[in-house]
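Please write a short report on the structure below.

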Amino acid sequence: MTLHTRSVAELAAGLAHKEFSAVELAEHFLARIDAANGALNAFVTVTAERALAQARRADAARAAGRAGPLTGVPIAHKDLFCTDGVRTSCGSRMLDNFVAPYDATVVERLDAAGTVSLGKTNMDEFAMGSSNETSYYGPVRNPWDPRCVPGGSSGGSAAAVAARLAPAATGTDTGGSIRQPAALVGVSGIKPTYGRVSRYGLVAFASSLDQAGVLAPAAADCALLLAAMAGFDPRDSTSVDRPVPDYVAELGAPLRGVRIGVLEEFLGPGLEAATGALVTAAIAELGRQGAEVVAVSCPNLPLSVPTYYVVAPAECSSNLSRFDGVRFGHRCREPRDLTDLYTRSRGEGFGPEVKRRIMTGTYVLSAGYFDAYYLKAQKVRTLISDDFKRAFGRVDLLVGPTSPTPAFAIGAKVDDPITMYLNDIYTIGANLAGLPAMSVPCGFVGQLPVGLQLIAPHFGESRLLAAAHAYQLATDFHRRLPAAYA
Amino acid sequence: MSPSVREGWEVVIGLEIHAQLATASKIFSGSATAYGAAPNSQAGLVDLGYPGTLPVLNQAAVRMAVKFGLATGARIAPRSIFARKNYFYPDLPKGYQISQYERPVVEGGSLEIVAEDGSRKVIGITRAHLEEDAGKSLHEGLPDASGIDLNRAGTPLLEIVSEPDLRSAREAVAYLKKVHTLVRYLEICDGNMQEGSFRCDANVSVRRQGATELGTRCEIKNVNSFRYVEKAIHFEVARQIDVLEGGGKIVQETRLYDSARDETRPMRSKEEANDYRYFPDPDLLPLAIEPDLIEAVRATLPELPDEKAGRFAAAYGLSPYDAGVLTASRELADYYEAVVAAVGAGTAAAKLAANWVMGDLSAALNRDGLDVAAARVGATGLAGLLRRIQDDTISGKIAKEVFELMWAEQRPADAVIDAKGLRQITDGAAIEAAIEAVMAANPKQLAEYRAGKDKLFGFFVGQAMKATHGKANPAQLNELLLKKLAAP
């Protein structure tokens, strides 16, 4: 059975027509994980028994006539969503021993929708990284080329979906952590509007930027899963109480008449030529389908990276203070006193990139530096949001590349954090402005995939998904699998 | 001038009061706030700072802050911001405290106190802001280890910051008491200082009389009773003047008051002080307070202590002091008014009731450690007793005895009076008979009195009272005794 070549929507249809059972489906993907995870390192925890138990419940629900659209569909969760009774490591030694006593809202909702959780995926430590190389559990390999990174921080989720070890996976996106890996492994990934999906139970990196989303082969799959994840959660004060549209029903909206703005700032010198050519071709395809394509400028957008690297570290320096060796997580052996407990537990528990960001964040919030860095960054953030607001006065969607280059070699950028940070140059803007954005496969440079990014106004997920879906009806990049995993 | 202030010096004090808000659940979680539960039994995942958990603001705490703001004539910020105060300590689970920094919910209020010279003085309230409390470190009974109890973590606090308008320890205490009374009137804090529901830090500095610049201040922590606030400030003022008169300089620092040794000691200096790295908490939206909410809260405001005291003075003919004592708590004031209502109109009755409430009732409550709500003689019972004084059934002296019996036995005044036969004797013949018996029994004293030893009169009063078991009407007894003793 070639179950894994099917999209989530196709698997859901197969389950509905009783072509196969949820247990058979779970067993199929568990076998694939078993065979391939040694090479890819996409999962840090595989929960086979739990998955089969969930699958049996899904089959029972279907037999009882209580099945929903996702009942029995296997998924994987990025290892920063808390899962009751299953380790949530955040890719860190600090949480290598941490088992949350509760489920994140996203996990709870997907469980309630009947999905089957195969396990927890590898990630950059505390979601800080763009290559999945900062994980305590080692780098994830790109299924298209094992010498390359899969992107990050949701690198495990991205690789798992690209190699079809799971039909879909949850992710989080703070500065591009869903979109950039989705682009680098050739899958679709959506970061919803800030506040659309609850952050409760998501181990925080930068609270004002973090947003949960999903990675799957096709935009239509993302629509199906997002519908189950989205919605107001009274446990998250920043979640928005606003009805969730029927993303699946609205997928069919045509591109004709949709005004699409090409972001000038994203097509500058930093963009690798071959990648740029594929993105330009993809934009032309949108035009062929009737979209009205115009050039748009957001002049402050080039300030995204420096702004982000003040705001995100500031918030992370505070968010990660709770990891002090007192109540949970890593504790050093035989601390001499309180200071020793703190310094050694944190010194041993956190890796170098996390420490770099905690130090940066502590610095920018310090007395005497706060105004020059944190406050200034907040002002620039407002300017960037205003740029987007103006642009969305003229167009319905913005497009551009997701990442300046295809996947790069493992180890190529680890010693140069600034170059690494520039990977997110096109994705960070949407986080700073809280906008929904997604990446869809738009071609290959050599054997490596390239992603097209689409950005919509706040709560414009329906239009975003419909545009991506229209593009995918005309293209097959999202259907291609790496030869080794076909 | 306060005794600890030396000639030529002026004292400047500002207080930071932490009032624990009387909400049923914590400020950012649904955990209960009850005092005295088993350690960590009231600490949920949010209070423990578990990864992934998020704060959700308790609206009851917001309404209480608004209530305080309205009661002190302050501005209620239409939009205030929660900020994180970052520092590491084991009893601070998240590594930061959620507080308000640049934009507090309440700004610019005031309260009036009676200054030392008896004049009224307005004390400015700079701000009052909402924040969460930390947990507690426990060191007792744990050899080589420290325990952490996080039951208190996340308990809502209103931090009330005064202007540096206080000029003596006694003014500071008067202001502290005023706030204490107010928060209990508003029913936003139980005011229990032993349990830490109402705490105070004092910022103290001194300067030469006439100087306009403020001196360097020290912050005194851990002063948890009115008496200790006064003593700690006295000590600190004397210490600072000693340092300055000796040619030294005051170092800005945090000092701890040690009540056992009656002194303040340095805790940490400004150099060692934490850089709290305040920044807006991204997990919480700005707190928006709509005019509707303010008006709804305003409608729940009770008669405030000053208004009540003014009304008591005017309506019952009480001195400002007595009116102040009787309105120190809403419960006591209600008790007093219930007594007055039952005893009847007239300032004499009101004054009698005031004396009894402030005297015997308060003494009995203090002795037994009871709140007025738990008084063993209720307002109706006390009124019943006072009516028997008014109608001459018993004397004021016997009334004290009756009151004690009422307190002990929880019976009405009339039942006690009848059972113990304490009804006052106003029958002249009976009193005369008692006097005659006393005279007959004490011929020696009678002879001496009649020979001019006038001070023996008191002896005969005592003997005659004793003979009537204290029940003789005192005025009648005096009159008859004078007459009888004089007659040869």
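Beyond its neighbours within four places in sequence, B:Val223 is in contact with B:Cys200, B:Ala202, B:Tyr228, B:Val229, B:Ala232 and B:Tyr257. Contact here is a matter of C-beta atoms, placed from the backbone, lying within 7 Å. B:Val223 belongs to strand S12 (residues 218-223) of chain B. Strands (E, at least two residues) and helices (H or I, at least four) are DSSP runs, numbered from the N terminus. B:Val223 counts as buried because it has 25 C-beta neighbours inside 10 Å. The cut-offs are 20 or more other C-beta atoms within 10 Å for buried, 12 or fewer for exposed, and partly exposed in between, with C-beta atoms placed from the backbone. B:Ser259 is 36 residues away from B:Val223 along the chain, with 8.3 Å between the C-alpha atoms.

The model is predicted: local features need pLDDT of at least 70, side-chain atom pairs count only at pLDDT 80 or more, and totals for chains, interfaces and linings use all residues. Residues are numbered from 1 along each chain as its sequence is written, while chains are lettered from A and ligands numbered from 1 in the order in which they are written.

**Strand pairing**

Two strands pair if DSSP finds at least two bridges between them. In chain B, an open sheet of 3 strands has the order S5-S4-S15, with antiparallel pairing. Strand S5 (96-100) and strand S15 (279-280) of chain B are at the edges with a single partner strand each, so one side of each has no neighbour in the sheet.

Strand S6 (residues 106-114) of chain B is joined to strand S2 (residues 75-76) of chain B and to strand S7 (residues 120-132) of chain B. S6(B) and S7(B) form a hairpin, with 5 residues between them. B:Gly118 sits in the turn and has a positive phi of about 90°.

In chain A, strand S5 (residues 188-191) pairs with strand S6 (residues 212-216) and with strand S10 (residues 437-445). In a regular strand the side chains alternate between the two faces of the sheet. In S5(A), A:Ser188 and A:Ile190 point one way, A:Gly189 and A:Lys191 the other way, and all are buried.

The table lists pairings from both chains, with one bridge partner pair for each.

| Strands | Sense | Bridges | Partner pair |
|---|---|---|---|
| S5(A) and S6(A) | antiparallel | 3 bridges | A:Gly189 and A:Leu215 |
| S2(B) and S6(B) | antiparallel | 2 bridges | B:Ile76 and B:Val106 |
| S6(B) and S7(B) | antiparallel | 8 bridges | B:Val114 and B:Arg120 |

**Chain A overall**

Chain A has 15 helices and 11 strands. Its radius of gyration is 21 Å, close to the 23 Å from the globule rule for 486 residues, so chain A is as compact as a globular protein of that length. The radius is taken over C-alpha atoms, and the rule is 2.2 Å times the number of residues to the power 0.38. Along its principal axes, the C-alpha trace of chain A spans about 65 × 50 × 45 Å. Buried residues make up 60% of the 486 in chain A. Of the chain A contacts between residues at least 6 apart in sequence, 76% join residues at least 24 apart.

**A helix pair**

Helix H7 (residues 219-229) and helix H15 (residues 461-474) of chain A pack at about 150°, with axes 8 Å apart. That angle makes H7(A) roughly antiparallel to H15(A). Axes are lines fitted to C-alpha atoms, for helices over the stretch in contact, and angles run from 0 to 180 degrees between N-to-C directions. Angles under 35 degrees count as roughly parallel, over 145 as roughly antiparallel, 65 to 115 as roughly perpendicular and the rest as oblique. Residues of H7(A) in this contact include A:Ala219 and A:Leu226, and those of H15(A) include A:Glu461 and A:His469.

**Backbone exceptions**

Most residues other than glycine have a negative phi, and most peptide bonds are trans. A:Lys18 is not a glycine, yet has a positive phi of about 55°. A:Lys18 counts as exposed, with 10 C-beta neighbours inside 10 Å. A:Cys90 also has a positive phi of about 55°. A:Cys90 is buried, with 34 other C-beta atoms within 10 Å. A cis peptide bond, omega about 10°, joins A:Gly152 and A:Ser153.

**Interface**

In chain A, 32 residues are in contact with 24 residues of chain B. H9(A) gives the largest share of the chain A side, 3 residues.

Technical notes:
Two residues are in contact if their C-beta atoms, placed from the backbone, lie within 7 Å.
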